[in-house]
Amino acid sequence: MTRIVITGATGAIGTALALHYAAPGKHLTLHGRRESVLDDVANQCRERGAEVTVSGIDLTDDAALTPWLEALCEPSPPDLVIVNAGMNINIGEHGEGEAWDEASRLLAINLRVPMAMGNVLGKRMRAAGRGQLVFMSSLAAYHGLALTPSYSASKAGVKAYAEGLRGWLGPSGVGVTVVMPGYVSSKMCHEMPGPKPFLWQPERAAKRIAAGAARNSARVSFPFPLDFGCWWLAVLPASISQWLLAKLDYSPPAANVDNAERPEERRHD
Ligand SMILES: NC(=O)c1ccc[n+]([C@@H]2O[C@H](COP(=O)([O-])OP(=O)(O)OC[C@H]3O[C@@H](n4cnc5c(N)ncnc54)[C@H](OP(=O)(O)O)[C@@H]3O)[C@@H](O)[C@H]2O)c1
């Protein structure tokens, strides 16, 4: 039985990944916060022949996360863990800036949780001499985007962390893959401001991610034109990259004291 763990399984990419892997001979552990959505995804996976366990623990709480991960490693670590849960925020309609409480929550789920998971699972997989970890970064990791500075920072952090982990764990037979998607149709994606060129559907993204994980690719980045463009943003002098991003409409509106709204005054869902 192949054992696969996916966080963020209630989201667009996570659901597509779960359905991609769902088949006889697979045991899926699906994590998500929205119980009814998670149950629905789990049932669809069961209909495809997979065994499914669901979890809704608070990933950002170490006291809940660590024992959950340890339990997942009994009697041996899972074959594949896809660390996919994440969120995005932006500087607001008028460029007023990110609210710090939102930025803190983002850092917790986008960066601290992947590192906490890598910390526990990396050691367990290393001791077992097998396993595959997949971390969800973003093309935003190549160069910080003005509209989403915290998101860019979190995804750059995940990319660097996972690359380091790959170097540490590779000699012990453990694979680590960094995924850097461009725009993939999802709630998070459509809530983001700015243009969304070369938009992919989640099913296509899931197929590409699964193929990369199966090959233990160091990096799975797509779609090609956007990947190539963003890669250059990391390579070029930063001033040129900033100029290019502004030309491509990724720049914020200039401050306007009349319509500026303080981030703390913004309503939260
Ligand atoms: N879509 C894109 O264009 C794109 C591009 C690059 C990278 N990515 C990355 O791909 C991953 C999946 O995103 P998506 O596009 O599928 O977005 P999505 O549909 O909005 O799904 C996000 C998932 O993350 C979960 N999540 C968010 N905050 C959480 C928290 N604090 N604790 C536990 N779970 C939490 C959500 O759970 P709930 O459903 O319970 O809220 C949901 O399952 C993310 O890491 C994202 O950064 C996406």
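**Figure 1. Crossing of helices H3 and H4 in the predicted model.** Helix H3 and helix H4 cross with right-handed geometry. On the H3 side, the contact is formed by Asp 62, Leu 65, Thr 66, Leu 69 and Glu 70, and on the H4 side by Ala 116, Met 117, Val 120 and Leu 121. Six of these contact residues are nonpolar, one is polar and two are charged.

Figure 2. H4 contributes Ala 103, Leu 106, Leu 107, Asn 110, Leu 111, Pro 114, Met 115, Gly 118, Gly 122, Met 125 and Arg 126 to the contact. The H5 residues taking part are Ser 150, Tyr 151, Ser 154, Lys 155, Gly 157, Val 158, Tyr 161, Leu 165 and Leu 169. The contact between H4 and H5 comprises 12 nonpolar, six polar and two charged residues.

**Figure 3. Surroundings of helix H1.** H1 is largely enclosed by the rest of the structure, because 10 of its 10 residues are buried. These are Ala 12, Ile 13, Gly 14, Thr 15, Ala 16, Leu 17, Ala 18, Leu 19, His 20 and Tyr 21. The strands against which the buried residues of H1 pack are E1 (2-6), E2 (26-31) and E4 (80-83). Helix H2 (35-47), helix H6 and helix H7 (202-214) are also packed against by these buried residues.

**Figure 4. Residue shell around the ligand.** The ligand is surrounded by 25 residues. Gly 8, Gly 11, Arg 33, Gly 86 and Ser 186 are the closest of them. At least two residues of the shell come from helix H1 (12-21), and at least two from helix H6 (187-191). By class, the shell consists of 12 nonpolar, 10 polar and three charged residues.

Figure 5. Pro 75 is located in the loop between H3 and E4.

**Figure 6. Positive phi values at Phe 198 and Asn 216.** Phe 198, a residue other than glycine, has a positive phi near 55 degrees. Phe 198 sits in the loop between H6 and H7. With 13 other C-beta atoms within 10 Å, Phe 198 is partly exposed. A positive phi, near 50 degrees, is also found at Asn 216, again in a residue other than glycine. Asn 216 belongs to the loop between H7 and E7. Asn 216 has 14 other C-beta atoms within 10 Å and is partly exposed.

Methods. Residues numbered from 1 in each chain as written. Predicted model: local features only at pLDDT ≥ 70, side-chain atom pairs only at ≥ 80, totals over all residues. Contact = placed C-beta atoms within 7 Å. Helix = DSSP H or I, 4+ residues; strand = E, 2+ residues; numbered from the N terminus. Nonpolar A, V, L, I, M, F, W, Y, C, P; charged D, E, K, R; others polar. Near = placed C-beta within 6 Å. Left-handed = near helix turned anticlockwise from the far one by under 90°. Buried ≥ 20, exposed ≤ 12 C-beta atoms within 10 Å, placed from the backbone.
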